Amino acid sequence: MRLVIARCSVDYIGRLRAHLPLAVRLLMVKADGSVLIHSDGGSYKPLNWMSPPATLRITAPEDDDAETGVIETWNVQSTKTDDKLVISIYERFSETSHDLGVDPGLIKDGVEADLQRLLAEQITKLGDGFTLIRREYMTAIGPVDILARDAKGATVAIELKRRGDIDGVEQLTRYLELLNRDPLLAPVRGVFAAQQIKPQARVLAADRGIDCLTLDYDAMRGVDDSASRLF
């Protein structure tokens, strides 16, 4: 991972256009090809980014840009679309690189781990004819909670959360982008499953073509007799 603190401006060019004016920011270049731009605020989300696969090319600035103080230009080009991220560096304060090695992935808490096990055992909750391929299907960016096949034999990736929010949908989206590049699996569709799913997450999932499934943890464990409830 490469970390650069620099005074820069950023332009995103593609399906939409966005501009970040000149300011001091953290530029993060990951081994998977992604590039993220962070400020010293706004929680953990980057101000802008380019998802992998992408290529980074660093060049000398054009004459007009050099006259305004640009010392180098980063061109980050998506390899799947025409989207491009152009980072104009005016001043570099620090730079460091680290080899983080292979990450073991997120270790689920007790409930999420149990949800994964229970849904794998009760895979037909996703629909009649569903079969399990495997749990914790490893990809280059982490493990997919459950990989399954539907009644028509199509591949389905399932991401599990206790409480489903937008970040979980984004995580599943990244998995789907990667899995759909594998001709042995594609086409792969997604299911976002959780005990509770926020309305914003449902809207985003629908926009991405991802199905949502609400899970009753107690019923799946067999400790809640849903037939005896009045409501």
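This is a predicted model: local features need pLDDT of at least 70, side-chain atom pairs count only at pLDDT 80 or more; totals for chains, interfaces and linings use all residues.
H4 covers residues 199-207 and lies across strands S10, S11 and S12.

- Which residues of H4 are buried? They are Ala201, Leu204 and Ala205.
- These three sit on the same side of H4, because they cover an arc of only 100 degrees around the axis.
- What covers the buried residues of H4? The cover includes S10, helix H3 (166-179), strand S11 (188-197) and strand S12 (211-214).
- As for direction, H4 runs at about 170 degrees to S11.

**The five-stranded sheet**

- The strands S8-S9-S10-S11-S12, in that order, form an open sheet of 5 strands with mixed pairing.
- S8 and S12 stand at the edges with a single partner strand each, so one side of each is left without a neighbour in the sheet.
- On average, neighbouring strands of this sheet are turned by 30 degrees against each other, with direction ignored.

**Strand S9 and its partners**

- Is strand S9 (residues 142-149) mostly covered or mostly open? Mostly covered: 7 of its 8 residues are buried.
- On one pairing, S9 runs antiparallel to strand S8 (residues 131-139), with 7 bridges between them.
- A hairpin with 2 residues joins S8 to S9, and Thr139 stands opposite Gly142 of S9.
- S9 also pairs with strand S10 (residues 155-164), again in the antiparallel sense, over 4 bridges.
- Along that pairing, Ala148 stands opposite Val156 in S10, while Arg149 has Thr155 in S10 as its bridge partner.
- The hairpin of S9 and S10 has 5 residues between the strands, and Gly153 in this hairpin takes a positive phi near 90 degrees.

**The seven-stranded sheet**

- Another open sheet consists of 7 strands in the order S4-S3-S2-S1-S7-S6-S5, with antiparallel pairing.
- Which strands form its edges? They are strand S4 (48-50) and strand S5 (54-59), each of which pairs on one side only.
- From one strand to the next, the twist averages 30 degrees.
- Within this sheet, strand S1 (residues 2-13) and strand S7 (residues 84-97) run antiparallel and are joined by 12 bridges.
- One place to look on screen is Leu3, whose bridge partner in S7 is Thr96.

Technical notes
Residues are numbered from 1 along each chain as its sequence is written. Side-chain values use heavy atoms; hydrogens and water are left out. Buried means under 20% relative accessible area, exposed over 50%, partly exposed in between (1.4 Å probe, protein chains only). Two strands pair if DSSP finds at least two bridges between them. Axes are lines fitted to C-alpha atoms, for helices over the stretch in contact, and angles run from 0 to 180 degrees between N-to-C directions. The arc is that of the directions from the helix axis to the C-beta atoms. Contact means heavy atoms within 4.5 Å.
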